Amino acid sequence: METARPTRKYWLYFFISLAAMILMLIFFTQYFWLILPFVVTYFVLAMDLM
């Protein structure tokens, strides 16, 4: 029987990085792609796909 991993902290990290990405899109549009790896990684971890 597998134990479920707690994903609450990953959801928190995902929403923080998503907010950072939105702020980057508003203020520094040419650099918003720098935050994309964090958004995608924490979304995958929050969905427990990795």
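Where is the place of Ile22? Ile22 sits in helix α1, and the views below start from there. This is a predicted model, in which local features need pLDDT of at least 70, side-chain atom pairs count only at pLDDT 80 or more, and totals for chains, interfaces and linings use all residues. Residues are numbered from 1 along each chain as its sequence is written, and side-chain values use heavy atoms, with hydrogens and water left out.

**View 1. Ile22 in helix α1.** Helix α1 covers residues 8-27; helices here are DSSP runs (H or I, at least four residues), numbered from the N terminus. Ile22 is partly exposed, at a relative accessible area of 42%. That label follows these cut-offs: buried is under 20% relative accessible area, exposed is over 50%, and partly exposed is in between (1.4 Å probe, protein chains only).

View 2. Tyr31 belongs to the loop between α1 and α2 (36-46) and is partly exposed, its relative accessible area being 43%.

**View 3. Packing of α1 against α2.** Two packed helices are described by the angle between their axes and the distance between the axes. For α1 and α2, the angle is about 155° and the axes are 8 Å apart. The axes are lines fitted to C-alpha atoms over the stretch in contact, and angles run from 0 to 180 degrees between N-to-C directions. The two helices α1 and α2 are therefore roughly antiparallel to each other, a label for angles over 145 degrees.

**View 4. Val44 in helix α2.** Val44 is a residue of helix α2. Its relative accessible area of 23% makes Val44 partly exposed. Val44 and Tyr10 are 34 residues apart in sequence, yet their C-alpha atoms are 8.9 Å apart in space.

**View 5. Asp48 after α2.** Look for Asp48 in the segment after α2. Phi of Asp48 is near 60°, a positive value in a residue other than glycine. Asp48 is partly exposed, with 40% relative accessible area.

Conventions:
Angles under 35 degrees count as roughly parallel, over 145 as roughly antiparallel, 65 to 115 as roughly perpendicular and the rest as oblique.
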